[in-house]
Amino acid sequence: SQILLWDGQSIRNISFSGEVHPNYNPKIYDGRVVWSGYSYESNNLEIFYFDGQITRQITNNEYDDISPKIYGDEITWSGFDGGDYEIFLFNTTDHSFQRITDNNYHDGLPEIYRGKIAWQAEPRKPIQQIFFFDGSKVFQLTSHQSYSGFAPKLDDTGVVWSGWDGQ
């Protein structure tokens, strides 16, 4: 599959080098696009970034990188580290990478807004908890023993998510 961008006048293929290979989950912000795409070089899913003119592969490792989101000059995603999925951050201005989480449970479905990230994780299976990165520190927002939190979203006013207690 390809990643196609309509700019208001025309449609163009922005996939890496125009290749036709599996590409998933594109997200757009201010004309810039991120997505997960299959890399024949690394033989797994990597993160790709279209800056408005050029498409670049921003990850290149031996594990899958999925669920990318973009806001401003920052991209976040969930990447497998060999044991579980962790949250990562990439700055498109200075090309710096930051690993946000480093634990022994899955962290996934990150959302980003103005340098802050919210995501769901399962420190105690099968219960999902909500976590928040404020730009410098990670906070666990929920700690329910029997109540899961899903799909967090955030803005200037806070973090919102849906929850389920099994009933």
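Predicted model: local features only at pLDDT ≥ 70, side-chain atom pairs only at ≥ 80, totals over all residues.

Biologist: Start with Gln129. Which strand is Gln129 in?
Modeller: Gln129 belongs to strand β13, which covers residues 127-133.

Biologist: Is Gln129 buried or exposed?
Modeller: Gln129 is buried: its relative accessible area is 4%, and the cut-off for buried is under 20%.

Biologist: What does the side chain of Gln129 make a polar contact with?
Modeller: The partner is the side chain of Thr142, at 2.5 Å.

Biologist: And which residues does Gln129 touch, leaving aside those up to four places away in sequence?
Modeller: On that count Gln129 touches Trp119, Gln120, Ala121, Pro123, Gln140, Thr142, Ser143, His144, Tyr147 and Gly149.

Biologist: Thr142 again. How far apart are Ile117 and Thr142?
Modeller: In sequence, 25 residues separate Ile117 and Thr142; in space their C-alpha atoms are 15 Å apart.

Biologist: Where is Ile117 found?
Modeller: Ile117 sits in strand β12, residues 116-124. Its relative accessibility is 0%, so Ile117 counts as buried.

Biologist: What does Ile117 touch, again without residues up to four places away?
Modeller: Its contacts include Ile87, Leu89, Ile100, Ile112 and Leu154.

Biologist: New topic, strand β7. Why is strand β7 described as largely enclosed?
Modeller: Strand β7 runs over residues 65-71, and six of its seven residues are buried, so the rest of the structure largely encloses it.

Biologist: How many bridges join β7 to strand β8?
Modeller: There are five bridges between β7 and β8 (residues 74-80), and the two strands run antiparallel. One of the pairs is Asp65 with Gly79 of β8.

Biologist: What about the turn? Which residue in the hairpin of β7 and β8 takes a positive phi?
Modeller: That is Gly72, with phi near 60°, in a hairpin that has two residues between the strands.

Biologist: Which residues other than glycine have a positive phi?
Modeller: Asn25 is one of them, with phi near 55°, and His95 is another, near 60°. Asn25 lies in strand β3, residues 23-29, and is partly exposed at 33% relative accessibility. His95 is in the loop between β9 (85-91) and β10 (97-99).

Biologist: On to charges. How many salt bridges does the count come to?
Modeller: The count is eight.

Biologist: Which residue meets Arg32 in a salt bridge?
Modeller: Asp73 does, with 3.1 Å from N to O between the side chains. The two come from distant parts of the chain, 41 residues apart: Arg32 is in strand β4 (residues 32-39), and Asp73 is in the loop between β7 and β8.

Biologist: What about Asp51 and Arg56, how do their side chains meet?
Modeller: In a salt bridge, 2.6 Å from N to O. Asp51 is partly exposed at 26% relative accessibility, and Arg56 is partly exposed too, with a relative accessible area of 34%.

Biologist: What does Arg99 form a salt bridge with?
Modeller: With Asp102; the closest N and O atoms are 3.3 Å apart. Arg99 is partly exposed, with a relative accessible area of 36%, whereas Asp102 is exposed at 64%.

Biologist: Last one, the surface. Which residues make the nonpolar patch?
Modeller: Leu4, Trp6 and Ile11 make a nonpolar surface patch of about 390 Å².

Biologist: Where is Trp6 found, and is Trp6 buried or exposed?
Modeller: Trp6 is in strand β1, residues 4-6. Trp6 is exposed, because its relative accessible area is 58% and the cut-off for exposed is over 50%.

Terms used:
Residues numbered from 1 in each chain as written. Heavy atoms only, no water. Helix = DSSP H or I, 4+ residues; strand = E, 2+ residues; numbered from the N terminus. Buried < 20%, exposed > 50% of the residue type's maximum accessible area, 1.4 Å probe, protein only. Polar contact = N/O pair within 3.5 Å; in protein donor to acceptor, adjacent residues only side chain to side chain. Contact = heavy atoms within 4.5 Å. Pairing = 2+ DSSP bridges. Patch = residues over 30% accessible without salt bridge, like charges linked within 9 Å, V, L, I, M, F, W, Y side chains within 5 Å. Areas by Shrake-Rupley, 256 points an atom, 1.4 Å probe, with all protein chains shown as cover. Salt bridge = Lys/Arg side-chain N within 4 Å of Asp/Glu carboxyl O.
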